[in-house]
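The sequence and structure are shown first, and the description follows.

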Amino acid sequence: MKKFVLLFALTLLFSCLNISTDITGLSMVEPSIDNPEKPWSYGARSTTVIGLPFAPEPVQVTYDGAIYTRYAELAFFYGKEKSPVIMRQRNFKEGWMPIVQGSWVADGVEYSLELFSSAQNPDSSCLNTVQYAKFSAKNLSDSPKSVSFGGFARGSGGDYRLGGLKEPISAGDSFAFDNNIFSRNGKAIFTYSGEPSLEAVNGSTYNGQFSAGDFGVKDSTATGLVVYSKQLGAGQESSAFFKMERIPQPLDSNNTAQNLGVTADEFARHLAITEDYWKSLITSEVNFQIPEQRVNDTWKASMVHLLLATRTQNGVRRQGSGLPYDSLFLNDFVDMRMAYDVYGLPGMVKENFHWLVKNQLEDGMFIDVSLSHGSPILASHGQALYSLSHHFVITNGSDSAKQYLSLVKGGAEWIISEHRKNPNGLLRPSIPYDNEMIKGCYTSHNLWGLLGLRSAIRFARLIGEEDLAAKWEIAEKSYSKAVHDALDRTWEQKGYFAPGLDSYITGPAARAGFAHYRTDQEWENNMLFYPSEVLTKDDQRIFVTLEKIRKMKYREGIMTYRNGQHLHQYITLNQAHQYMAIGQQEQALMDLYSVLLHNGSTHEGFENLIEPWGNRTADPSCPPPHGWAAAKTALFIRNMMVREEGGSAGLDASGRGIVLFSLISPSWVDAGKVLAVENAVVEHGRLSATLKFREDGFTADLSGKFHTQPAWIAIPVPWFATVNEIKVDGKVVAPAGREIKFLPDTKRVEVTWSLDSSKMNSGFAKMLLNYRSEFTFVENPGDYETGKGRMEPFVTDEEKTMYLEPLSFELVKKAFVHEFNRRFQIHSQKGGRIVKVCPPRI
């Protein structure tokens, strides 16, 4: 999503640079920033967050390992020269809990940092979270070593911190150490352990309270340095502990006179509480098991990032969209809502219903005030109606649903009214507010509108409003025909399903001052089968549309915005969802792996504003983690494991079934590996399934607790497999097509298959061909037809024999690194700009 962030090129102000004689054009980051032994991070400078759900503001952990709260920053250094930490390839604990860990080795010493927000009393402490840090040094050598490390405060390091200081430092500000607390103007910035050496500013011993003016302290000046100097024997380790509240609190007798600093026991106690909190929240209700760590960690970490994008403001709780966009957007919420529901967290959904109530107009239209900047234009009405209605469908919440009937009724009848009064039978035209950026009837508005109306019918049936449901069904048939007719006309005109239906306006005529490349963007016009089921999945026009979008708009294996100008990570999953649902499994997996490739090392996703094949850094105004990216990723992985399908998006219950294990990667099928769905929330109730791979196939055991019986359950056959035999509860059944379909009371499915290694092991060369088939930035849309600006694809004979291994995240990473290095070599030979990543100076 692009919400009209002020665009500007990433400046050199905050980076270490080696600039050649040619300083024009693209800048590329040095590939040497990537340590292959550390967790992969696409972002050269990537921000992650810690904290608790419903904290008023996020707590940022920067690429240099600092904790930044917009009130103060706690940062760290190591070595006798006080080298600033750089920790861009850090990780979450166990791969997904928001306990940030990082380590590095210098001069025979291993340094490590662990940072987290305490989850003690989360409902109250979320309002002012307490952050803990453990900084350790371990002598790796066989002889004693003198080591030095420590921490310090400053207002802000400046580089890649979102948001300025709420209280900038002025010359009269006073700073002091008092019983293991460093304070500014009588408020505690951080607490520390032990008896380190103290410095007012770098190199100046602390001799008592001082003012900012005494040392020329600015917002970025390192103050209150605590220096731990230790003599460590061979293999010996020493640790220092720190504590920092998000909002500094006044000093009093409770935290000064008796303060003993932060102890190891206190840190360990809060760490254990925090681990238990997140494990209970994320994995106790619904769980998935995937035999590839990057994927398995991602769904859990994505839910963490989504939860950490929630806010409490003026005593009211709501969802936000993460660091760059703190507001609640209804078009973002459609995926967030679904993610919460399917992962067993429906309470998080209801926290936001007040937003729907508040933003429904008298005529029934929901307005997306954050997206439309308060204007009553059509933007996310169908998404809002679907979110509200389907929440009760999937949770089977008929009792509590009744109180929202008036909201649903207003939203459904607004669609029906629009259909009846507009000549083409569609929802009203809109303006280029964002997303697709057209003037006319949006394809996505009508896909979501039809899904919203269908979900409202299901809602009405759920609460016993049969007459209302029947009335809306008549209108749905008419509106559905109008949407299909418009799609047919658009197909005839455009040769694919474009962002707008029928004729629509783009470029400066649509929005003054906007060139064509800033309008007419592919967004949700591709969501033709999932979740809308407007078309059937065997309609070849869906595949043609997906491939046309891929050919035009993919770079680095993911979608772009503004015709290839900037990468756009999470809208790639709109494509991937369709590929998965229509059975194009290999492409869906490549898209998923490419999305994960563009995450940071704590699985944080970004939105936009990164130039392809460049510095791998989002504009500082739009850093990760992005809440909608997290929701889309978590939802995709769930749907990959289990999803509902059929019956016109559930309107016809007799055709609604469940698809298990839609995507099976060739790297998962080794004998003994397991795919598992544990207590998954589905529209029909709960479902568990365990698929164990054998040398010659797999065995799947199923257990369902359904309040409504699904019409069928299916497991698609992977594209690289040929089925030889199927047994369902011990009885042999004949293979039919590319799906193994069976009744919902089935307990065991046994499949014997043959695998085609040529299909399993061709991913590396395919990725290179994809990278080398891209269009560059296209200002003139006509260039897509002529092929101007598109590379001539090639793969060398040597590359065809490289990495002949099953498709996996690691393989996609190898292909990307290989291609990035190739382009970097050409770039540097031509004298292009080269960016190095360095931490802010102390």
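Proline 625 is found in the loop that runs between helix 16 (585-597) and helix 17 (627-641). The model is a predicted one. In it, the peptide bond joining proline 624 and proline 625 is cis, with omega at about 0 degrees.

The loop between helix 16 and helix 17 also holds leucine 609. Phi of leucine 609 is near 65 degrees, which is a positive value in a residue other than glycine. Leucine 609 has a relative accessible area of 9% and is therefore buried, since buried means under 20%.

**Further loop residues**

A cis peptide bond is also present between tyrosine 530 and proline 531, where omega is about -5 degrees. Proline 531 belongs to the loop between helix 13 (466-494) and helix 14 (540-553).

Histidine 373 has a positive phi, near 55 degrees, and is a residue other than glycine. Its place is in the loop between helix 8 (369-372) and helix 9. Is histidine 373 buried or exposed? The relative accessibility of histidine 373 is 59%, so this residue counts as exposed, the cut-off for that class being over 50%.

**Helix packing**

Two packed helices are described by the angle between their axes and the distance between the axes. The table gives these values for two pairs.

| Helix pair | Angle between axes | Distance between axes |
|---|---|---|
| Helix 3 (residues 264-283) and helix 4 (residues 293-307) | about 105 degrees | 10 Å |
| Helix 9 (residues 381-395) and helix 12 (residues 443-462) | about 30 degrees | 8 Å |

Helix 3 and helix 4 pack at an angle of about 105 degrees. Helix 3 is therefore roughly perpendicular to helix 4, because angles of 65 to 115 degrees fall in that class. On the side of helix 3, the contact is made by Trp278, Leu281, Ile282 and Thr283. Helix 4 contributes Trp299, Lys300, Met303, Val304 and Leu307. By class, this contact of helix 3 with helix 4 comprises seven nonpolar residues, one polar residue and one charged residue.

For helix 9 and helix 12, the packing angle is about 30 degrees. These two helices are therefore roughly parallel to each other, as angles under 35 degrees count as such. Helix 9 passes helix 12 in a crossing that is left-handed. Residues of helix 9 in the contact include Gly382, Leu385, Tyr386, His390 and Phe392. Among those of helix 12 are Trp448, Gly449, Leu453, Arg458 and Phe459. The contact of helix 9 with helix 12 divides into ten nonpolar, seven polar and one charged residues.

Four strands form an open sheet in the order 26-27-31-34, and their pairing is mixed. Which strands lie at the edges? They are strand 26 (642-645) and strand 34 (739-742), each of which pairs on one side only. From one strand to the next, the twist averages 25 degrees.

Strand 27 (residues 657-660) and strand 31 (residues 713-716) pair over two bridges in the parallel sense. Isoleucine 658 has isoleucine 713, in strand 31, opposite it.

Note on methods
Residues numbered from 1 in each chain as written. Predicted model: local features only at pLDDT ≥ 70, side-chain atom pairs only at ≥ 80, totals over all residues. Heavy atoms only, no water. Axes fitted to C-alpha atoms, helices over the stretch in contact; angles between N-to-C directions. Parallel < 35°, antiparallel > 145°, perpendicular 65-115°, else oblique. Contact = heavy atoms within 4.5 Å. Nonpolar A, V, L, I, M, F, W, Y, C, P; charged D, E, K, R; others polar. Pairing = 2+ DSSP bridges. Left-handed = near helix turned anticlockwise from the far one by under 90°. Buried < 20%, exposed > 50% of the residue type's maximum accessible area, 1.4 Å probe, protein only.
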